[in-house]
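Here is a short report on one protein model. Please keep the sequence and the structure open as you read.

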Amino acid sequence: MPFRRLITTLLACAPCLAFAQAPSLDEPLAPEQFSSCVQGLAQQTDRSGRPLSRADFERIAANARYEDRVRQSMLVQAGEPTFWWDELAATTDDDRVQQGRAILARAGDVLARIEAQYGVPREIIVAIYGIETNYGPAGGRIPVLDATLTLACLRPCPESATAPGSCMSRERAFAAVRLLRDQRVRPETFQGSWAGAFGRTQFVPDTFELVAVDGDGDGIADIVNSEADAWASTANHLRQRGGWRLGEPVYIEVEVPQAQRASFAAKGDSHRLPSAARKLSEWVAEGWRVLPAEGGRPATVADPEVYPFLPVGLPGPAFLVSRNFDTVLRYNRSERYVMEVALLAHKIAGGRDFATPWPTDDPGLTRAQVRELQQWLQQRGHAQVTPDGVMGRLTRDAIEKEFVARGLPPGRRAGQRTMRELMQP
Ligand SMILES: [Ca+2]
């Protein structure tokens with residue numbers, strides 16, 4: 001689960017997190033604040049969505065430690081603006097496409113079985129795997145128990161949240177405790193992101209409890225060690241919680257008819273109009289033109305119900321999206337994430353990038369290009385930059401210094417054009 005998911009979720013859940021006494025994120029929690037918070041949670045186990053005794057909570061939570069990386073990540077996520085064209089360039093770059101195809105070749109039998117059982121295309125499952133953890137077992141090294149309890153303390157529930165399961169941050173921590181209590185995870189490998197997402201497809205504990213399934217037939221759902229379990233759990237999530245419709249594309253790229261373009265042309269604002277959903281044929285009759293998809297898995301539902309989605313308004317790529325867009329959105333509440341998964345899946349299946357360019361003269365970098373830029377920054381004396389292909393804060397800081405050193409206006413972003421300009425001798 002990418003970090004932004006949590007922020008989005010917190011914002012979406014603003015009323016239930018109208019925490020009167022939420023601590024400031026400016027300072028780490030003091031040890032006594034954390035332990036007093038955990039003691040407070042122990043008194044609330046009757047508010048848990050699933051049974052949890054106070055004794056079990058206290059026994060397991062006694063091993064937890066405050067994790068300040070949670071607070072730091074919340075601050076970073078809240079602060080740094082990002083662009084569609086940068087994120088999609090990195091998350092659907094050639095390396096990730098090739099690795100996804102290699103997995104389809106290596107584990108085609110397993111994926112075909114899961115696709116048949118759950119009715120979710122294998123490319124979608126593999127794309128989620130690729131974006132969540134870059135096709136690996138690890139999605140972070142923070143103990144999930146520590147992360148979820150820290151989060152529950154940094155974002156405490158309001159006093160009014162007394163009903164069982166009524167507060168997400170508390171429920172997530174309780175679910176982490178239950179997974180350890182029930183030995184559904186091993187303490188030594190129960191590690192993940194600052195938001196508590198773990199395993200190959202990055203489930204948070206409360207989601208794991210609801211949808212994790214066994215995919216390899218050993219009777220245990222182990223999304224850390226078993227690819228088949230992680231894939232089946234993802235497919236189960238998309239089907240059970242999202243209602244995936246087999247044969248419908250996530251998106252159809254379109255050209256908006258002239259007469260309607262003005263209503264979408266404003267300041268780069270996103271437009272998503274689920275309430276306008278109707279048959280594709282009705283949009284086409286109104287002048288919406290479907291652009292060639294250029295390869296990929298053909299849709300088998302000829303006339304799905306779709307609605308407009310323009311990520312940055314016009315000019316920019318425009319789409320009619322199906323209910324499967326909403327399905328992936330239920331997996332991760334980020335429109336950008338949905339399009340990353342859908343585009344990567346399309347490319348893994350042999351498809352091309354969107355036909356319409358993004359409204360920028362400086363397109364985003366692949367991870368290989370980011371690594372190249374980072375190596376160059378290192379050579380320029382920015383020793384703190386690591387060539388990991390991830391455009392993080394330290395890399396942005398170094399880019400800004402290079403802009404200034406060349407007498408250019410300070411900027412913290414580099415695309416194809418600025419990278420070439422910067423790296424000129
Ligand atoms: Ca298993």
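## The second largest pocket

The second largest pocket has a volume of about 640 Å³. Of its 35 lining residues, Pro249, Val250, Tyr251, Arg297 and His346 are the closest to its centre. A pocket here is an open set of points on a 1 Å grid over the protein atoms alone, where a 1.4 Å probe fits, with protein on both sides within 12 Å along at least five of seven lines. Lining residues have an atom within 4 Å of a point. Points are joined across faces, edges and corners, and the volume is the space filled by probe spheres set on them.

The model is predicted: local features need pLDDT of at least 70, side-chain atom pairs count only at pLDDT 80 or more, and totals for chains, interfaces and linings use all residues. Residues are numbered from 1 along each chain as its sequence is written, and side-chain values use heavy atoms, with hydrogens and water left out.

Which elements each supply at least two residues of the lining? They are α8 (122–133), β3 (251–255) and α16 (335–348). Helices (H or I, at least four residues) and strands (E, at least two) are DSSP runs, numbered from the N terminus. The lining divides into 23 nonpolar, five polar and seven charged residues. Nonpolar covers Ala, Val, Leu, Ile, Met, Phe, Trp, Tyr, Cys and Pro; charged covers Asp, Glu, Lys and Arg; the others, Gly among them, are polar.

## Strands β3 and β8

Strand β3 also takes part in pairing. β3 and β8 run antiparallel and share four bridges. Two strands pair if DSSP finds at least two bridges between them. Val254 stands opposite Ala318 in β8, and Ile252 stands opposite Leu320 in β8. β3 is also joined to β6 (residues 289–290) by two bridges, again antiparallel. There, Glu255 faces Arg289. Four of the five residues of β3 are buried, so this strand is largely enclosed by the rest of the structure. Buried means under 20% relative accessible area, exposed over 50%, and partly exposed in between (1.4 Å probe, protein chains only).

Strand β8 (residues 318–322) has five of its five residues buried, so it too is largely enclosed. In a regular strand the side chains alternate between the two faces of the sheet. On one side of β8 lie Ala318, Leu320 and Ser322, on the other Phe319 and Val321, and all are buried. β8 also pairs with β7 (residues 305–310), antiparallel, over four bridges. Tyr307 of that pair stands opposite Val321.

## The calcium site

What coordinates the calcium ion? The donors come from Asp214 (OD), Asp216 (OD), Asp218 (OD), Ile220 (O), Asp229 (OD) and Asp229 (OD), at 2.2 to 2.7 Å. Donors are N, O and S atoms within 2.8 Å of the metal (3.2 Å for Na, K and Ca); water is not among the atoms, so sites may look incomplete. Along the chain, the donors follow the spacing D-x1-D-x1-D-x1-I-x8-D.

The site is irregular, with angles of 53 to 157° among its six donor atoms. Six donors count as octahedral if opposite donors are over 155 degrees apart and all others between 65 and 115; four count as square planar by that rule, or as tetrahedral if all angles lie between 85 and 135 degrees; anything else is irregular. Asp214 is partly exposed at 26% relative accessibility. Asp218 is partly exposed at 46%.

## Backbone exceptions

Most residues other than glycine have a negative phi, and most peptide bonds are trans. Asn134 has a positive phi, near 55°. It lies in the loop between α8 and β1 (142–143). Asn134 is partly exposed, at 34% relative accessible area.

Gln202 also has a positive phi, of about 55°. Its loop runs between β2 (191–192) and α11 (205–211). Is Gln202 buried or exposed? Gln202 counts as buried, at 2% relative accessibility.

A cis peptide bond joins Leu314 and Pro315, with omega about 0°. Pro315 lies in the loop between β7 and β8.

Arg380 sits in the loop between α17 (367–379) and α18 (393–405). Arg380 is partly exposed, at 43%. Pro51 is in the loop between α2 (31–42) and α3 (54–61). Pro51 is exposed, with a relative accessible area of 68%.
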